[in-house]
Amino acid sequence: MPHLYVEDPRHRIQPVHLSDAEYARAISALIIVCTDVLIIDAARQTIALAQRAVLPMRGLWCIGGRRRAGERSEASIRRCFQRETGLDLPEDRFRFLCAVEYLWANRAQEPSDAGSHNLSYQFTVELDASERALAAAHLDPREYDVAHGLRDFARADLVTASVHPVILDWYDAVFSTRHRDGT
């Protein structure tokens with residue numbers, strides 16, 4: 001887990017709301033920091049993915065969102081996961097996996113073809129059957145295709161589905177597998 005150094009623990013950064021126009025300018029000038037979580041099933045060696053409906057990443061993806069200024073990554077993943085799935089899990093359920101950077105060509109905010117530079121702290125979480133059902137039933141419809149729900153993928157399924165290459169990297173990092181078939 002990356003270390004967070006705090007000069008004065010009493011100091012609090014107050015997040016501000018930006019208008020759509022201000023936010024569009026900000027994401028053209030700054031790196032957007034996100035916290036994302038990959039739902040895993042260690043026993044079955046599968047990951048659960050949702051179908052994102054909005055840019056910058058449409059298609060099969062994990063759960064997550066933007067981190068707020070002054071927010072610890074653990075608090076951010078808990079907040080984002082709760083907002084998008086309805087599950088309010090304690091921070092210690094999430095395990096840090098890696099940090100990943102993306103240079104997206106498109107984004108939801110106009111001008112949509114301006115793209116964005118994102119840094120994501122990637123976490124994992126394992127859910128029991130009831131938590132999994134609740135998460136699937138409460139996916140945020142502003143972000144995900146709720147009819148798709150959460151679907152499990154083994155590595156071969158990910159290859160067949162032609163997922164973004166980072167998803168294969170996450171899978172391999174989680175399950176530490178070497179594949180004889182070259183996938």
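Modeller: Strand 1 (residues 32–41) and strand 2 are paired in the antiparallel sense, over 3 bridges. Strands here are DSSP runs of E of at least two residues, and helices runs of H or I of at least four, numbered from the N terminus. This is a predicted model: local features need pLDDT of at least 70, side-chain atom pairs count only at pLDDT 80 or more, and totals for chains, interfaces and linings use all residues. Residues are numbered from 1 along each chain as its sequence is written, and side-chain values use heavy atoms, with hydrogens and water left out.

Colleague: What makes strand 1 and strand 2 a pair?

Modeller: Two strands pair if DSSP finds at least two bridges between them; strand 1 and strand 2 have 3 bridges. Asp41 stands opposite Thr46 in strand 2. In their hairpin, with 4 residues between the strands, Gln45 takes a positive phi near 50°.

Colleague: Which other strands pair with strand 2?

Modeller: Strand 7 (residues 151–153) pairs with strand 2 in the antiparallel sense over 3 bridges, with Ala48 opposite Asp152. Strand 3 (residues 59–61) also runs antiparallel to strand 2, joined by 3 bridges, and Arg52 stands opposite Gly59. Strand 2 and strand 3 form a hairpin with 6 residues between them.

Colleague: Why is strand 2 called largely enclosed?

Modeller: Buried means under 20% relative accessible area, exposed over 50%, and partly exposed in between (1.4 Å probe, protein chains only). In strand 2 (residues 46–52), 6 of the 7 residues are buried, so the strand is largely enclosed by the rest of the structure.

Colleague: Is Cys98 buried or partly exposed?

Modeller: Cys98 has 23% relative accessibility, so it counts as partly exposed. Cys34, at 10%, counts as buried.

Colleague: Which residues touch the most other members of the largest nonpolar core?

Modeller: A nonpolar core is a set of buried Ala, Val, Leu, Ile, Met, Phe, Trp, Tyr and Cys residues joined through side-chain atoms within 4.5 Å. The largest has 20 residues, and Ile47, Leu49, Trp61, Leu158, Ile167 and Trp170 touch the most other members. Helix 5 supplies the largest share of this core, 6 residues.
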